[in-house]
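Let's take a walk through this one together. Keep the viewer open and follow along as we go.

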Amino acid sequence: DVVLQCQGLAMTYAEGKLRTPVFQDLDLSVRKGETVAILGASGAGKSTLLHLLGGLDTPTAGEVYVAGERMSALSDRARGLLRNQALGFVYQFHHLLPEFTALENVMLPVLLDGRSRSATTAQAKQRARDLLEAVGLGHRLDHKPGELSGGERQRAAVARALVNRPACVLGDEPTGNLDEKTAATVFELMLALNRDQGTSLVLVTHDRRLARRLDRVLELHEGKLRQLDAAEV
Ligand code: ADP
Ligand code: ADP
């Protein structure tokens, strides 16, 4: 019941003549329902790792498996579909589409899901509405991102990440640009999702207090991923 896995993962950015590996030979396995925090100094490679795990970038070496599928074996289209079906992404900066309303932004992943030719627009809309209500945005369905506060945008981004009921949510500082209270709300929302639906979470964070609430805390340091024990977090 592994939902997300990497083996021997390595990444080197080709940048001029300077080619320093961000990391080499990383292994990670995330089981269904498991919550994992990734800590590490700025520049340690946390975002790089998350991008590779999410199939948003191609590793220099090694393999990523999403829901048991080897990402490198898939066509771009199949990879995109699998990503949209199995994973949800929440970034520090929300990446909502500015021309669309909150409701439309949250519906979009459903409409892009190749499986669900059966899911009608009405069903997608209903699910998006339910989720926006769950994150406390029932009164903001028709607002565009520019008309929402920072916290509201982030909650909308969480709703969008969850709309296809992904097996795993990947968060890159998902609460990083929020005030403490809003950050706590968004974080609790993700924990509730884990509790109620068994969604796995892999969250990059600087916040050790939040990290402590997850099942495992890993630190990325000098290209190695090390599990911290409770006393170290
Ligand atoms: P973190 O998320 O831990 O702050 P990143 O994964 O963003 O770290 O970056 C890890 C290293 O890779 C840094 O040295 C960074 O400068 C470099 N890096 C990140 N993205 C790129 C890129 N697109 N091109 C070249 N170097 C990059
Ligand atoms: P916060 O304190 O969370 O940053 P804001 O002060 O930015 O919140 O916004 C307060 C409320 O006003 C929010 O509910 C937001 O939806 C609404 N709002 C903010 N900007 C606009 C706008 N340009 N048009 C419509 N509603 C807005």
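Predicted model: local features only at pLDDT ≥ 70, side-chain atom pairs only at ≥ 80, totals over all residues.

Residues are numbered from 1 along each chain as its sequence is written, chains are lettered from A and ligands numbered from 1 in the order in which they are written, and side-chain values use heavy atoms, with hydrogens and water left out.

The crossing of helix 3 and helix 4 is right-handed, meaning that the near helix is turned clockwise from the far one by less than a right angle.

Who touches whom? From helix 3, A102, L103, V106, M107, V110 and L111 meet T121, A124, K125, A128, R129 and L132 of helix 4, with contact meaning heavy atoms within 4.5 Å. Sort the residues of this contact by class and you get nine nonpolar, one polar and two charged. In that scheme, Ala, Val, Leu, Ile, Met, Phe, Trp, Tyr, Cys and Pro are nonpolar, Asp, Glu, Lys and Arg are charged, and the others, Gly among them, are polar.

Now look from helix 3 to helix 5. Those axes come within 8 Å and cross at roughly 20 degrees, so helix 3 and helix 5 are roughly parallel. The contact pairs N105, V106 and P109 of helix 3 with A156, A159 and R160 of helix 5. V106 in helix 3 also belongs to the contact with helix 4.

Helix 5 (residues 150–162) has another neighbour to look at: its axis and that of helix 6 (residues 180–197) come within 10 Å, crossing at roughly 10 degrees. That makes helix 5 roughly parallel to helix 6. G151, R155, V158 and L162 of helix 5 make the contact with T182, V186, L189, M190 and L193 of helix 6.

On to the ligands. Around ligand 1 you'll find Y13, E15, V22, A41, S42, G43, A44, G45, K46, S47 and T48, where being near takes a heavy atom within 4 Å. Its oxygen atoms include one 2.9 Å from a polar backbone atom of G45 and one 2.8 Å from a polar side-chain atom of K46. S47 brings a backbone N or O atom to 2.8 Å from a ligand 1 oxygen atom.

Ligand 2 is surrounded by R140, G146, E147, L148, S149 and E152. A side-chain N or O atom of R140 lies 2.7 Å from an oxygen atom of ligand 2, and one of E152 lies 2.6 Å from an oxygen atom of that ligand. For E147, it's a polar backbone atom, 3.1 Å from an oxygen atom of ligand 2.

Technical notes:
Helix = DSSP H or I, 4+ residues; strand = E, 2+ residues; numbered from the N terminus. Polar contact = N/O pair within 3.5 Å; in protein donor to acceptor, adjacent residues only side chain to side chain. Axes fitted to C-alpha atoms, helices over the stretch in contact; angles between N-to-C directions. Parallel < 35°, antiparallel > 145°, perpendicular 65-115°, else oblique.
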